[in-house]
Amino acid sequence: MKTTLEEAKENSHEDIVNHLQQLLEKNYDAEAGYKKAMTDADSSQLKNFLKQQAVLRNRFATELDKEIRDLNETPKEKGSVTGSLHRTWIDIKTAVTGNDDEAVLEECIRGEKASVSEYEDALTNQQFPPKIQHTLSKQVDEVKATLHKVKSLEDLED
């Protein structure tokens, strides 16, 4: 029979893993979204930026994958249904707007705002071990920097 403390530790472990799995999935989605947006972008400057962001999100996914494995769990291997729907929405929007770089940037901003929200929610509502907390804090700071950069790129389009 488990003690209350053992149950609490199990629930906490499960919560930590679930939060990390959700963030991992979102980073798979973001990486795929950036790769898709790269094909829709006209400007070589924008294509290069989007490629850098896909690489960044791949790195985030690799870091989260490692954290999950360090907790003796098996990481998810692909993104979410929501993510593929979002990429389909990008397809529809860019088809309608003629692969307009501004439309691509607007979608990137929307996606990055959602990422910041996901990270902040996880960091606020879950007690992560210090090493994981550090990894997530660093990642959300980089997402915020990306959001700032995307907004400045959008200003260049005007």
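Predicted model: local features only at pLDDT ≥ 70, side-chain atom pairs only at ≥ 80, totals over all residues.
The protein contains five helices and zero strands. Read along the sequence, these elements give the pattern α-α-α-α-α. Of its 158 residues, 41% count as buried. When contacts between residues at least 6 apart in sequence are considered, 79% of them join residues at least 24 apart.

The largest nonpolar core comprises 19 residues, and the members that touch the most other members are Leu-20, Leu-64, Tyr-119, Phe-128 and Leu-136. Two or more residues are given to this core by each of helix 1 (4-40), helix 2 (44-70), helix 4 (101-125) and helix 5 (130-157). Another core, of 14 residues, lies apart from the largest one and includes Phe-49, Leu-50, Ile-109 and Leu-153. Within the largest core, the surroundings of Phe-128 can be described in detail. With neighbours within four places in sequence left aside, Phe-128 is in contact with Ile-16, His-19 and Leu-20, with Ala-122 and Leu-123, and with Gln-133 and Leu-136. Leu-20 and Leu-136, both contacts of Phe-128, are themselves among the members of the core that touch the most others.

The packing of helix 2 against helix 4 was examined next. Two packed helices are described by the angle between their axes and the distance between the axes. The axes of helix 2 and helix 4 come within 12 Å and cross at roughly 20 degrees. Because angles under 35 degrees count as roughly parallel, helix 2 is roughly parallel to helix 4. The crossing of helix 2 past helix 4 is left-handed. On the side of helix 2, the contact is made by Leu-46, Leu-50, Arg-57, Phe-60 and Leu-64. Helix 4 contributes Asp-101, Val-104, Leu-105, Cys-108, Glu-112, Ser-115 and Tyr-119.

Beyond neighbours within four places in sequence, Thr-146 is in contact with Tyr-34, Phe-49, Gln-53, Leu-56 and Glu-112. When residues up to four places away in sequence are not counted, Gln-21 touches Ile-68, Thr-74, Pro-75 and Lys-76.

Ala-32 is found in helix 1 and has a relative accessible area of 26%. Ala-32 and Asn-58 are separated by 26 residues in sequence and by 9.2 Å in space, C-alpha to C-alpha. Lys-35, also found in helix 1, is partly exposed at a relative accessible area of 44%. Between Lys-35 and Lys-47, twelve residues apart in sequence, the C-alpha to C-alpha distance is 9.1 Å. Arg-59 is found in helix 2 and counts as partly exposed at 33% relative accessibility. The C-alpha atoms of Arg-59 and Asn-27 are separated by 9.0 Å, the two residues being 32 apart along the chain. Aside from neighbours within four places in sequence, Arg-59 is in contact with Lys-138 and Glu-142.

The backbone at Asn-72 was also considered. Asn-72 is found in the loop between helix 2 and helix 3 (81-97). Most residues other than glycine have a negative phi. In Asn-72, by contrast, phi is near 60 degrees, a positive value in a residue other than glycine. Asn-72 counts as exposed, because its relative accessibility of 72% is over the 50% cut-off.

Terms used:
Residues numbered from 1 in each chain as written. Heavy atoms only, no water. Core = buried A, V, L, I, M, F, W, Y, C linked by side-chain atoms within 4.5 Å. Buried < 20%, exposed > 50% of the residue type's maximum accessible area, 1.4 Å probe, protein only. Helix = DSSP H or I, 4+ residues; strand = E, 2+ residues; numbered from the N terminus. Contact = heavy atoms within 4.5 Å. Axes fitted to C-alpha atoms, helices over the stretch in contact; angles between N-to-C directions. Parallel < 35°, antiparallel > 145°, perpendicular 65-115°, else oblique. Left-handed = near helix turned anticlockwise from the far one by under 90°.
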